[in-house]
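Dear colleague,

Please find the structure below. My notes on what was found in it follow directly after.

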Amino acid sequence: LAVYEAILCIVNRDFEAAAALFLDGVATFACTELCDYSDFVFYAVVTNVLSLKRPGLKKHIVDSPDIRQVTFPHLKEFVKALYD
């Protein structure tokens, strides 16, 4: 249910709420009928880049093993450039 709410928040341009919902669902994602896990992680990273401050970005995105297991080369470089 949180994945549906998060995507609705993106549509409504409430990126902070979407970011929080995506972060809560990263470890327990099971909504493959809506999107696959790599798309979900992409949405989580992009919304959190828009809403988190640097320490939160490091803690929840850069150092997260659930996020790092999905490889998006350009997205990884983008987040690293923002953090560094």
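α2 passes α3 in a left-handed crossing, meaning that the near helix is turned anticlockwise from the far one by less than a right angle (clockwise would be right-handed). Helices here are DSSP runs of H or I with at least four residues, numbered from the N terminus. The axes of α2 and α3 come within 8 Å and cross at roughly 135°; axes are lines fitted to C-alpha atoms over the stretch in contact, with angles from 0 to 180 degrees between N-to-C directions. The two helices, α2 and α3, are therefore oblique to each other (under 35 degrees is roughly parallel, over 145 roughly antiparallel, 65 to 115 roughly perpendicular, and the rest oblique).

This is a predicted model, in which local features need pLDDT of at least 70 and side-chain atom pairs count only at pLDDT 80 or more, while totals for chains, interfaces and linings use all residues. Residues are numbered from 1 along each chain as its sequence is written, and side-chain values use heavy atoms, without hydrogens and water.

The protein averages a pLDDT of 89 (the predictor's confidence in each residue, from 0 to 100). Confidence is highest in α2 (residues 15–25), at a mean of 94, and lowest in α6, at 82.

α6 also supplies the largest share of the lining of the largest pocket, five residues. In total, 16 residues line this pocket, and Ile-61, Val-62, Arg-68, Lys-76 and Val-79 lie nearest its centre.

Yours sincerely,
A colleague

Methods
On a 1 Å grid over the protein atoms alone, a cavity is a set of points where a 1.4 Å probe fits but cannot get out, and a pocket is an open set with protein on both sides within 12 Å along at least five of seven lines; lining residues have an atom within 4 Å of a point.
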